[in-house]
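Let me put the structure up and we'll walk through how the chains sit together.

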Number of protein chains: 2
Amino acid sequence: MNRECQILIPQWLLTVNQKFEVLSDYAVVIEANRIQNILPAAELKQDQEYAQAEVIDLPNHVLMPGLVNAHTHTPMSLLRGFADDLPLMDWLHNHIWPAEKQWVDPQFIVDGYALAAAEMIRSGTTCMNDMYFYPDLIAREAQRLGMRCVVGLIVLDFPSVWAKDADDYLHKALAVHDQIKEFPLVTSALAPHAPYTVSDVAMQQIAMYSNELDVPVHMHIHETAHEVAEAVKNSGARPLERLDQLNLLNSNLIAVHMTELNLFEIERLAETGVHVVHCPESNLKLASGNCAVAQLQDKGINVCLGTDGAASNNDLDMISEMRTAALLAKNVAHDASACTARQAIQMATINGAKALGLADSIGSIEVGKQADLIAIDLARLNTQPVYDPVAQLVYAANSQQVSHVWIAGQNHLRDFQFSQLDEDEIMSKARSWASKIGQVNRPGK
Amino acid sequence: MNRECQILIPQWLLTVNQKFEVLSDYAVVIEANRIQNILPAAELKQDQEYAQAEVIDLPNHVLMPGLVNAHTHTPMSLLRGFADDLPLMDWLHNHIWPAEKQWVDPQFIVDGYALAAAEMIRSGTTCMNDMYFYPDLIAREAQRLGMRCVVGLIVLDFPSVWAKDADDYLHKALAVHDQIKEFPLVTSALAPHAPYTVSDVAMQQIAMYSNELDVPVHMHIHETAHEVAEAVKNSGARPLERLDQLNLLNSNLIAVHMTELNLFEIERLAETGVHVVHCPESNLKLASGNCAVAQLQDKGINVCLGTDGAASNNDLDMISEMRTAALLAKNVAHDASACTARQAIQMATINGAKALGLADSIGSIEVGKQADLIAIDLARLNTQPVYDPVAQLVYAANSQQVSHVWIAGQNHLRDFQFSQLDEDEIMSKARSWASKIGQVNRPGK
């Protein structure tokens with residue numbers, strides 16, 4: 001008899017296992033932080049072990065693995081809607097970077113992280129791959145709030161609030177990497193910002209540490225045609241070519257954006273096992289170009305999904321990102337059968353887990369994995385009737401239909417109510433940041 | 001003293017008037033079906049006329065004109081998610097058309113219309129431009145449910161459940177046109193399905209009736225490159241060229257999709273005042289190609305927005321459609337400043353009203369216009385903080401944040417609750433259709 005279990009009985013169990021099984025009349029048993037059992041619901045009654053467990057009925061719901069946001073800058077949620085409809089370089093140089101320089105401090109990180117985490121829970125994301133300043137604080141806050149997080153150990157050549165030069169960034173990166181060993185929900189990735197902001201010397205050290213410590217490398221690469229053209233102009237080599245020479249193309253690399261790829265590069269990514277993070281809404285909003293998702297998938301490259309930061313999206317909603325990814329891939333491939341609903345769901349779950357080196361513990365609903373689970377209520381006008389719950393999730397569902405969220409077995413959302421976070425307090429802090437920032441930086445508004 | 005008034009006091013009043021004014025601390029007064037006054041909230045207390053009126057505070061809300069869905073096929077909501085991830089011709093010929101042939105009857109229309117109308121109200125749409133069989137029933141149901149609707153008087157060369165040949169369609173079209181004169185919320189448009197399904201003879205009659213009766217012509221045109229290429233192969237002329245010869249290019253024409261346009265055609269559209277309905281999510285999902293939205297806007301062409309039917313979208317959510325339109329236009333134009341948040345909102349409101357010939361009565365919040373209004377609650381994690389409510393609406397808001405809806409002064413949604421419709425009954429009828437249709441037409445599922 002086990003009183004500590006939670007038993008979830010959804011209408012549809014979307015396992016995202018190898019066979020992509022969608023099961024009806026099944027129950028999932030959570031014990032502590034893990035999925036302890038998956039069994040036909042009819043067998044539950046006969047099983048004395050579960051006689052006193054808590055049963056959570058999900059009669060109109062899909063139960064699926066928690067969504068994995070494979071690229072974001074969480075604290076930028078405080079700059080959501082701060083500057084829009086601007087070309088990338090104007091947006092960065094004249095709006096985002098000056099605002100960051102003026103406002104980013106430890107309290108900005110803590111309040112921005114909380115806003116992002118709450119928005120993610122509300123919309124079904126249970127794990128994020130982050131890249132921002134103060135990774136030490138992000139790691140601490142993730143663990144404190146119960147979010148699963150891969151914290152990006154940021155590296156740049158130029159000074160910021162976090163470090164003064166590449167050596168200092170690397171030194172701090174290693175310190176944070178050690179410090180998080182005591183945080184069960186947090187792992188780390190080395191995070192050189194981009195090829196154009198990190199020198200060869202630092203890149204070589206990153207390649208060495210990644211190999212030695214077996215940690216991922218998380219980097220913006222080939223975000224725009226401009227980036228590639230500038231690199232060719234300045235050095236004669238395309239950024240991916242340079243990274244290849246620096247021994248960075250391997251299965252530890254999480255390459256974000258990748259809108260500009262030639263056929264040779266696609267072959268090379270496939271050979272080397274590089275993971276690609278597609279951020280369709282950010283790419284669209286900044287007019288960065290198109291990632292050739294269907295072509296990469298056809299080559300067997302692992303493509304996963306990220307929202308990017310809330311300043312370029314402008315939300316952290318992985319359900320809408322799945323939909324945009326599936327729709328955009330069809331457009332780019334000129335093929336309505338490209339990037340199916342099923343592939344979009346894999347991109348947002350198991351593929352993200354693979355890229356982050358976490359596929360053994362998250363990304364699908366299988367016995368023994370961590371209980372990172374979400375339920376989505378399809379009994380809404382926009383998702384009725386249901387011929388196929390997978391298509392309904394990707395093409396019609398809305399993130400506000402996420403009713404329940406568990407991370408490592410701990411419930412965070414239940415019947416649409418937060419069980420851990422104080423939503424009003426988080427929003428109130430965000431508003432007070434905006435009233436300060438908006439007054440100074442947006443005088444015309 | 002006027003007890004019949006409703007007074008709305010939003011945080012932000014998004015007028016969508018000529019100057020695109022966004023007002024704070026203003027009140028909007030609804031009297032019967034019209035906007036009777038717009039005044040500073042501070043002046044309300046001194047005005048005895050309003051002493052006993054009902055006041056509705058909207059403290060975290062944007063109040064804006066109801067959204068105008070300029071192209072849809074409402075009853076197809078019952079086929080939402082019935083067949084996805086398929087090339088256009090396979091989808092139409094092997095899935096949608098056979099299912100329609102088997103299942104569309106008056107009860108399908110009534111139940112499908114109710115599902116669509118409820119979904120539209122829930123997501124802030126107050127007016128739709130429809131095209132489907134049984135326009136008589138759609139007109140009747142729209143009026144009965146209190147929805148504003150332009151009913152498409154469909155015309156085809158081939159037989160359907162509604163009519164047997166082009167003459168019969170036209171005969172019925174004129175009968176419905178007369179019949180709806182008693183429905184204050186309903187107007188009509190002649191709706192030849194597409195250039196490739198309607199002959200020259202019928203097109204000429206449509207041009208004549210449109211001119212004589214001054215009603216719009218609502219047609220799918222240049223949806224795909226394939227359509228244009230086939231027309232050239234079969235007749236030597238591109239569809240738009242043929243329509244021009246048939247005197248159909250004028251300010252009564254509502255041209256839907258328009259993904260394939262050359263520079264000459266764009267000039268011709270601008271000269272003749274044709275309205276273009278962009279349906280970005282449907283175009284993406286069916287890989288139909290890209291409408292050159294920014295280019296059309298630069299030429300002064302009126303571009304509005306539609307969801308298309310729920311079988312190819314798969315929802316009727318104009319808030320997500322605004323966002324997709326703004327994002328996709330930047331991608332197509334290679335310019336992050338193309339199709340701003342403001343333009344996206346105009347496309348979804350006043351531009352739609354213009355296309356439908358209703359700009360004198362709806363599409364903006366101005367004294368004397370019909371009270372078609374919606375409120376959107378921005379006090380949600382994904383729309384906080386607010387630097388700019390316009391950007392927040394387009395790039396971060398979710399249709400589930402629509403809290404209040406009025407059509408012609410009648411309240412349909414209040415604090416997220418339907419005041420007129422029975423949501424559970426509507427979903428239950430949709431489910432019973434799907435259980436019949438799914439059993440017969442999707443044996444493998």
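**The A–B pairing**

Let's start with one residue: Lys436(A) sits in helix α16 of chain A, which covers residues 423-441. Keep in mind that this is a predicted model. Lys436(A) comes out partly exposed, at 39% relative accessible area. The C-alpha of Lys436(A) is 9.4 Å from that of Trp103(A), even though 333 residues separate the two along the chain.

Now, the pair. If you rotate by 180°, with 0.0 Å of shift along the axis, chain A lands on chain B with an RMSD of 0.0 Å. So the copies are related as by a two-fold rotation axis. Within chain A, Gln400(A) has the C-alpha nearest that axis, at 3.4 Å. And both copies use the same surface: 100% of chain A's contact residues recur in chain B.

How much area is buried between chain A and chain B? About 5000 Å², with carbon and sulfur atoms giving 58% of that. On chain A's side, Asp85(A), Leu381(A) and Tyr387(A) lose the most area, together 18% of what that side buries.

On the polar side, we get 29 residue pairs in polar contact across the interface, and 6 salt bridges. One salt bridge joins Glu281(A) to Arg323(B), with the closest N and O atoms 2.1 Å apart.

Methods:
Residues numbered from 1 in each chain as written. Chains lettered and ligands numbered in written order. Predicted model: local features only at pLDDT ≥ 70, side-chain atom pairs only at ≥ 80, totals over all residues. Heavy atoms only, no water. Least-squares fit on C-alpha atoms with pLDDT ≥ 70 in both. Contact = heavy atoms within 4.5 Å. Helix = DSSP H or I, 4+ residues; strand = E, 2+ residues; numbered from the N terminus. Buried < 20%, exposed > 50% of the residue type's maximum accessible area, 1.4 Å probe, protein only. Buried area = accessible area lost by both parts, 1.4 Å probe. Salt bridge = Lys/Arg side-chain N within 4 Å of Asp/Glu carboxyl O. Polar contact = N/O pair within 3.5 Å; in protein donor to acceptor, adjacent residues only side chain to side chain.
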